[in-house]
Every structure is written in C-alpha cells, then in structure tokens.
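Trainee: Could you take me through this one? I'd like to know where the labels come from.

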Amino acid sequence: MAGAGRGLQTRWANNAMFAVQFDSEAGLHMRGIKKIMFFGSKKQNKFEGGGLVLFQAVDEAIAAEKFLKAADFEVKLVAPPPALRKGCDLAVEFNIVEKAGVERVLARKGAPFVEILPIKGASELLDIVKVVNFDTACMVKAGNMKLTFDKNTGVILNISGGGCPDIPFLHLSMVDKKITDVARPKDNGHTLCALMLDRAFVEALEIFRKEAN
Amino acid sequence: MLLICGTIPQEDAGLLLGEARFDGSKLLVGNTEVPCTQGTAALASAACTVASHCRIPAPHAVFAGDTGSGKGSRLIYDYLSKNLPQIKPDILLMHYILPVMGLMKQVCAAAEKCARKPIMMADASSMYAAKAAGLAGQFDIFTPDLSEMEFLADPDAIHPAYISRHLFRADIAHVDDLIATAFRQKSMAKTVIIKGATDFVVQEGKVKFTLSEPDLPPLEAIGGTGDTISGMVGAFVDAGFTHLDAAVAALKANREAGKYAQATPATRISQIIAAMPKILNHN
C-alpha cells in the first residue's frame, strides 16, 4: 500500500480490487477509480498472459500499464498471487513471451519496476550455454537458440532454433555480418526467443574476442 | 488441402492468402514473392516441393508480416478463428505465430466447428502456445527439437526459455525420460517427431522409429532444417501417408538433402531445399 500523502492506494470491495486516488488530508477520492482483476478469478481474468511485472508502488503499476497499452501490448492490472508478491500488491499481467519488448518500452519510458516473472514455472531465464566447435566455426547454444559464427572472421554464419516471429527477422538482419558490428538481439527482438538468442550472442562475442586476442 | 499458417519477416506485408507455389528458388503466395528464409517460408517451400513430387495440389498459405510485434500473428489468429469452418482444410499446420494462449484456444475451437476436424499440426511457437494453453491433446503432430522436448516435459514452463534447470541437458541420453514425463503430463500430440542428432518418432508415448544416419552435425547449425521437416511431414500426410510414414519419409529426405548439399555450418536452408527434388526422386 502507498503511504500517507498524495498517491494511489488499493482497496478491496465486492471481491475485487480498486485503485483509488489518495490524499491524506482529503481522504479517498473515488474519481478516476480503476477496477483491478483479482488474480485467480477466472470469470473476470480471461486474458492469460503468463507474465507479471511487479512494482514497488501502485502508481508505478498504473503508469506502466498505460505505457504498455500505448505501445500496443495486451496487458492488464492484476493483484499478483501472494507467493509472487514483491513491493506493492498491484502488478501488470502481460504475455511473457513478449518480455524483451515489454522491458524495452519500460526502460525507454523510465518506468521503474521491481521484477518481471512468469506466473508459474522457473522464475529465471534458462542461462545454461553450450558450445560446439566445428572446423572453423563455433556454435553457441542457449536454450532453444543457436548462433554459429566463423572463428577466424567473426562473421555470423547461421542462426537456428527458436520459434517466435522475430527470429526469422533477426536471422535476416544478423547473418553474414560480423558479430562485432551488429546490434544485440535483445535490442531489436521482442520475445523470449530473442532473449535466448541474445544470451548465445553475448557468449559468442566473448569467445570471438578471446580467440582474436 | 494442407493449410500452412505462419508469419514472414516483413513488417508491412499484412495478411497473405492463397496457394503457395515454389519454383525451386522463389516462394510465391498469390502474386507475392516471399523470401525463402528460415521459418515458415522454409517450411512452405519444403511442403511445396513434396506436394509437387507426390503430384498433389499445392498447399495453401495464411501468412502475415510480423517481425515480433505480434500484429501479424493476431491477424492470423483472427482470420483462422473466423474462417476455419468455411476453409475446411484437411490439415492445419501452425508455425511461427506469436504464442497467445487465449487466441490459440479460439483457433482450436474453430477447428472443432469444421464439418471434419482437420489434422492438427504445430511446430515452433504454435507448439509452445498449444502446450502452454493445455491444448496439446487436441493436436495430432508436434515437431520439437530436443530443447523443445524438454519444454514439453516441464509441467509449468510456458516457453522453452523458462525450462527448469534440472530438465535442461540438451543431450539425447535422457530423451526416454522426457518422452515418458511429457506423455504422462498430456503435453504430447498423438505423434511427436523429435528432431536432433538422433531423430525420434513417438506415438502415444512410445518410440516407433529412430534415425541417426547420415550423421551430419552441421545441420543443427543451419536455420530452417527443422522447419523443412515439418513442411514435408504436412505434405506427405496430405498425400495420404500415415503419420508415421510421413515422419519417416521427411526425416530421411532432410538428412539426405543435407548430405547432397554437402552441408556446412554456413549452408543456407535454400540450398538444402534445392537438393530435395533430387533426393525425393531417388527414393
């Protein structure tokens, strides 16, 4: 809950949460009231995004929701399940697959958040990287994504794996270019596959720089 | 009719509908040329090649431009949800489409409304959406690679990027455990074709076929070598093959095409596809 002073607070009524304007001198203002979906109430919570952005303060959550909606993301204010709650009791639910794009929008808008989590399953992105060497090429595997580069020239030879729609786009924009000359996949991608490709890219770049020295 | 649905990396392409035609180098949907890249374009090119070989009608396409924003993907979901019962495809093959669980449920509901439910195939992100939404049992064929098989075996993961660490090993030594676990959790389609150093065809939780030769490690590095398998399976099924026979034929053709193309880590998927007619004609 927000502390005293001006700001937003959450209140429960009729088994639903409401964000309300708060002023410690004037009391609660019901103007601008916003109904929040109670997480787990399937009747109201039809959107299944699978991901939550957690915030320290209610007004941060509401601002982030506006930024993301303006950027055409499907999002919804929800009360996170108790096990995932960190900071305030309001979160933005979104399609976890779009994590890279959501993080980028929030960063550009300077919108603070505590953490981004999937609603269930592992809480952290898979960070196990494997390296396979061919004669003059090196393939770096991160989760479901693989990036292969020429060990002598640093040219990206291929990108394989994954399945999200930004991967063919990243393939076209990165293959045949030197690994030191291209943008990181997370800067142009939108999805979790792009984040896994970014993990492979960072490792590949490090390997290339070490071998070049 | 085989209906192939997926995105292409052209943000402003909108929705492309029509017969897919491939002349050996160019893929056309209607009158629009689609670059033969990794992803759904590679899948469709391989499917066209098999359709031509089997002398069956070319597949139809529902493509949309999408570079990751999801706008094109939503056009596809919307089109399928509204039109599937009228299109009446024999096989619905869903591919690179941003996973949105609620929209995938709508497409599956539309498929149920068809006079005869299509054979349901999913690969790539469409497979992620089907599993995450608890719809795996409604699908006839999935085509995961090994890391995606680990995703299917993880009861809670909604994307391969969030597989539990204890499941992620990316080696085939524990594939039997993955199959048993995923089958027990009802995360498997009726036929699952696992693509990797060793390929597996699994039906109702049991391994029916494996293939390791010719052994071509560079194929794993080449973007699109899994897509071509999925496209060929769809076309072989459309030609009347059983799902098992279609899987076997596609897996063999893919490896042999890689061998014929003398695949290296730098080989392009278009070079593998270009070798397919020769391989199909000799088998």
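**Strands, a sheet and a contact**

Mentor: Start with a pair: A:Cys138 has A:Phe149, in strand 10 of chain A, as its bridge partner. This is a predicted model, where local features need pLDDT of at least 70, side-chain atom pairs count only at pLDDT 80 or more, and totals for chains, interfaces and linings use all residues. Residues are numbered from 1 along each chain as its sequence is written, with chains lettered from A and ligands numbered from 1 in the order in which they are written.

Trainee: How do you know that strand 9 and strand 10 of chain A pair?

Mentor: Pairing needs at least two bridges found by DSSP between two strands. Strand 9 (residues 137–142) and strand 10 (residues 145–150) of chain A are joined by six bridges and run antiparallel, so they pair.

Trainee: What makes strand 8 and strand 11 of chain A edge strands?

Mentor: The open sheet has four strands in the order 8-9-10-11 (chain A), with antiparallel pairing. Strand 8 (129–133) and strand 11 (156–161) of chain A each have a single partner strand, so one side of each lacks a neighbour in the sheet.

Trainee: Why is strand 5 of chain A called mostly covered?

Mentor: A residue is buried if 20 or more other C-beta atoms, placed from the backbone, lie within 10 Å of its own. Four of the five residues in strand 5 (residues 75–79) of chain A are buried, so the strand counts as mostly covered.

Trainee: What makes residues part of the contact between chain A and chain B?

Mentor: Their C-beta atoms, placed from the backbone, must lie within 7 Å. The contact takes 45 residues from chain A and 47 residues from chain B.

Definitions and conventions. Contact = placed C-beta atoms within 7 Å. Buried ≥ 20, exposed ≤ 12 C-beta atoms within 10 Å, placed from the backbone. Helix = DSSP H or I, 4+ residues; strand = E, 2+ residues; numbered from the N terminus.
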